[in-house]
Amino acid sequence: VQLQASGGGQVQAGGSLRLSCAASRRTNSNNAMGWFRQAPGKEREFVGSINWSGGTTMYGDSVRGRFTISRDRGKSTVYLQMNSLRPEDTAAYYCAAGQVFTAGPSLYDYWGQGTLVTVSS
């Protein structure tokens, strides 16, 4: 499974961005799609995840209420809508796919390339 992330860019604090992650194909190996981020000098952080079949979502504490994950089954694409962005949201954002609906990055088998999000104050 190959993942293609896109949609990063620069935005001012309070603004919005939508990231996309397109999967090359849907199989049981990518029943869960997750978003993670990593800022320079910091560890990778869980942003959120969606269960592909049922649409259940979960979010990290720092983004809950501001970010929303959704999916388009027909396009095999997952979206991360980011609202009320803050400078501390600045990071490289990665999408990942795996069999288990989880916040743990080690359980995701496939990773896309990062897309950079920069939020200025």
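A residue is called buried when its relative accessible area is under 20%, exposed when that area is over 50%, and partly exposed in between, using a 1.4 Å probe and protein chains only. The legends below describe a predicted model, in which local features need pLDDT of at least 70, side-chain atom pairs count only at pLDDT 80 or more, and totals for chains, interfaces and linings use all residues. Residues are numbered from 1 along each chain as its sequence is written, and side-chain values use heavy atoms, with hydrogens and water left out.

Figure 1. The protein contains 11 strands and zero helices; here helices (H or I, at least four residues) and strands (E, at least two) are DSSP runs, numbered from the N terminus. With a radius of gyration of 13 Å, close to the 14 Å given by the globule rule for 121 residues, the protein is as compact as a globular protein of that length. That radius is taken over C-alpha atoms, and the rule is 2.2 Å times the number of residues to the power 0.38. Along the principal axes, the C-alpha atoms fill a box of roughly 40 × 30 × 25 Å. Of the 121 residues, 44% are buried. Contact means heavy atoms within 4.5 Å; among contacts between residues at least 6 apart in sequence, 54% join residues at least 24 apart.

**Figure 2. Ser84, in the loop between E8 and E9.** Ser84 is found in the loop that lies between E8 and strand E9 (91-98). Its relative accessibility is 40%, so Ser84 counts as partly exposed. The phi angle of Ser84 is near 50°, a positive value in a residue other than glycine.

Figure 3. Ser76 belongs to the loop between strand E7 (67-72) and E8, while Thr77 lies in strand E8 (residues 77-82). Ser76 has a positive phi of about 50°, although it is not a glycine. Ser76 is buried, at 13% relative accessibility, and Thr77 is buried as well, at 8%. The side chain of Thr77 reaches the backbone oxygen of Lys75 at 2.9 Å. Leaving aside neighbours within four places in sequence, Thr77 has contacts that include Ser20, Cys21, Ala22 and Trp52.

**Figure 4. Met33, a buried residue of strand E4.** Met33 is placed in strand E4 (residues 32-38) and is buried, with 1% relative accessibility. Not counting residues up to four places away in sequence, Met33 touches Leu3, Cys21, Gly48, Ser49, Ile50, Trp52, Val78, Ala96, Ala97 and Tyr108. Gly65 stands 32 residues from Met33 in sequence, and their C-alpha atoms are 19 Å apart in space.

**Figure 5. Asn51, in strand E5.** Asn51 lies in strand E5 (residues 45-51). The relative accessible area of Asn51 is 15%, so this residue is buried. The side chains of Asn51 and Ser53 are joined by a polar contact of 2.8 Å. A polar contact is a pair of N or O atoms within 3.5 Å; within protein, one must be able to donate a hydrogen and the other to accept it, and residues adjacent in sequence count only if both atoms are side-chain atoms. Apart from neighbours within four places in sequence, Asn51 is in contact with Asn31, Thr56, Arg71 and Phe101.
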